[in-house]
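Subject: A structure for you to look at

Hello,

Here is the structure I promised to hand over. Please open it beside this email, and then read on for what was found in it.

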Protein chains: 2
Amino acid sequence: MHRFFVEADSIAGGRFPIPPSIAHQMTRVLRLRDGDEITLLDGIGNEVRCRLVGGDCVVLEWGAAGGEPKHQLTVWQALLKGDHLEPVVRHGTELGIARFGLFVSERCVARDLSPRKLERLRAIAREGAEQSERGILPPVDAPVTYAEALKAAAPGSVLLFERHDGKRLTDMDAPPGVFIGPEGGFSPGEVEAAERARLAIAGLGPRILRSETVAVAVAAAILSRTGDFA
Amino acid sequence: MHRFFVEADSIAGGRFPIPPSIAHQMTRVLRLRDGDEITLLDGIGNEVRCRLVGGDCVVLEWGAAGGEPKHQLTVWQALLKGDHLEPVVRHGTELGIARFGLFVSERCVARDLSPRKLERLRAIAREGAEQSERGILPPVDAPVTYAEALKAAAPGSVLLFERHDGKRLTDMDAPPGVFIGPEGGFSPGEVEAAERARLAIAGLGPRILRSETVAVAVAAAILSRTGDFA
């Protein structure tokens with residue numbers, strides 16, 4: 001059955017018009033018709049099974065949306081070159097990342113994200129959340145500076161650092177947030193700033209991952225330890 | 001420093017010609033010159049640091065190649081549509097998958113793999129292994145039938161099945177092999193065949209992953225439990 005995230009206030013009462021944000025896709029793209037059933041998600045934890053009747057949605061059943069991990073993981077991701085944030089958001093959303101916090105750091109080749117690209121990432125998150133049957137639409141925040149990201153990070157967040165000889169991520173409790181650098185990694189000054197902000201620093205092991213692989217692999221590792229994946 | 005996998009017998013003695021399989025890339029693409037250093041990997045566990053001298057490689061140091069996980073994980077992957085095997089092999093190689101066994105199952109849309117596509121996957125594995133600093137080049141085997149794959153699988157291998165209500169992968173010991181289905185999943189008859197072949201059946205949790213995401217996420221989950229990743 002098709003699943004759609006819609007504005008929470010577009011779902012009202014037992015019968016209401018097809019929410020405008022999905023009307024085109026439903027009737028023109030997917031060609032759904034009277035009698036077809038769909039599931040609407042309000043993005044804040046509820047799902048509503050509906051039948052299409054005369055251009056309206058008629059509620060068949062309200063329920064709590066499933067599919068959300070217990071562990072709420074924020075991925076703080078540096079801007080990446082080209083379209084490399086797209087697989088991060090697409091596959092990260094499927095895995096169950098709770099929030100994407102983007103930031104610009106010293107060695108970022110991409111220094112900003114156009115409004116069009118940000119909208120595209122949000123559309124990818126929406127599509128990924130619908131397809132993977134999540135109950136919540138993970139926010140993709142507009143980029144902030146590295147300093148702002150450090151300030152906003154939850155206590156216990158971890159900065160991931162390749163070729164790090166010290167602690168590994170698996171030596172620690174599952175963190176509420178992870179910081180992932182750009183193609184060139186974090187600078188020594190940035191690692192120090194993270195330490196001053198009381199972030200832990202952790203390595204990922206001997207193999208060097210592409211920057212667009214890190215978020216998905218790390219989310220899978222963390223969420224499997226918390227029982228939320230695999 | 002650039003790393004190249006070469007045929008083991010092209011490395012001989014203390015000074016030898018640039019191995020023909022990499023000569024073009026080294027001299028024309030990367031434009032390496034006399035005095036530059038490179039690392040050659042024989043693909044069976046050794047690495048050799050060399051300096052280029054007059055078109056030859058002069059050995060500076062022999063060593064054991066690092067970068068290999070202790071846990072040897074074979075991913076048995078059904079053929080996927082389009083180019084979707086490419087991210088599986090690319091990112092799976094970075095993470096440390098030991099071997100890719102391809103197979104054709106009932107619901108595969110792609111029924112075979114052209115020699116050209118197989119060569120391309122092997123080139124992707126080589127590039128991924130060089131970039132991620134692995135010591136071994138993971139083989140990508142030509143596709144076999146599902147029955148042949150079941151017969152070849154190591155004891156203790158696990159068939160992964162979405163929407164499976166029973167055991168989860170994390171309830172089990174880290175397996176030596178995982179079976180990952182095509183876009184449409186495994187048929188009930190194929191699940192029974194796996195059970196008859198004494199494979200365990202395991203679910204991945206409530207979220208539905210895209211077929212090209214599964215191998216990488218599962219490898220990250222398993223290899224983080226064995227201490228080989230994150």
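Let's begin with the surface: chain A exposes about 10200 Å², and carbon and sulfur atoms supply 50% of it. Accessible areas here come from the Shrake-Rupley method with a 1.4 Å probe, and for residues only the protein chains shown count as cover.

Before going further, a word on conventions. This is a predicted model, in which local features need pLDDT of at least 70 and side-chain atom pairs count only at pLDDT 80 or more, while totals for chains, interfaces and linings use all residues. Residues are numbered from 1 along each chain as its sequence is written, chains are lettered from A and ligands numbered from 1 in the order in which they are written, and side-chain values use heavy atoms, with hydrogens and water left out.

Chain A as a whole

The C-alpha trace of chain A spans about 65 × 35 × 30 Å along its principal axes. Chain A has six helices and 11 strands; these are DSSP runs numbered from the N terminus, with helices being H or I of at least four residues and strands E of at least two. Of its 230 residues, 52% count as buried. Buried means under 20% relative accessible area, exposed means over 50%, and partly exposed is in between (1.4 Å probe, protein chains only).

Among the contacts in chain A with a separation of 6 or more, 69% come from residues 24 or more positions apart. Contact means heavy atoms within 4.5 Å. As for charge, chain A has 28 positive and 31 negative side chains, and the centres of the two sets lie 3 Å apart. Lys and Arg count as positive and Asp and Glu as negative, while His and the chain ends are not counted; the place of a charge is NZ of Lys, CZ of Arg, CG of Asp or CD of Glu.

How the two chains are related

Two copies of a chain are related by a rotation about an axis and a shift along it. Here, a rotation of 180° with 0.0 Å of shift along its axis superposes chain B on chain A, with an RMSD of 0.0 Å. The two copies are therefore related as by a two-fold rotation axis. The same surface serves both copies, as 100% of the contact residues of chain B recur in chain A. The superposition is by least squares on the C-alpha atoms of residues with pLDDT of at least 70 in both copies. Which residue of chain B comes closest to the rotation axis? That is B:Ala221, with its C-alpha at 2.2 Å.

Two cysteines

A disulfide is a covalent bond between the sulfur atoms of two cysteines.

Is B:Ala215 buried or exposed? With a relative accessible area of 1%, B:Ala215 is buried. Setting aside neighbours within four places in sequence, B:Ala215 is in contact with B:Val75, B:Gln77, B:Val88, B:Ile97 and B:Ile180.

Next, look for B:His71 in the loop between β5 (56-64) and β6 (74-78) of chain B. B:His71 counts as buried at 15% relative accessibility. Its contacts beyond four places in sequence include B:Pro175, B:Ile222 and B:Asp228.

Back in chain A, A:Gly63 lies in strand β5 (residues 56-64) and is partly exposed, at 28%. Not counting residues up to four places away in sequence, A:Gly63 touches A:Gly45, A:Asn46 and A:Glu47.

Finally, a look at backbone angles. Most residues other than glycine have a negative phi. A:Arg31 has a positive phi, near 55°; A:Arg31 is in the loop between α1 (20-29) and β3 (37-41) and is exposed, at 63%. A:Ala230 also has a positive phi, of about 60°, but A:Ala230 sits in the segment after α6 (211-225) and is buried at 0%.

Happy exploring!
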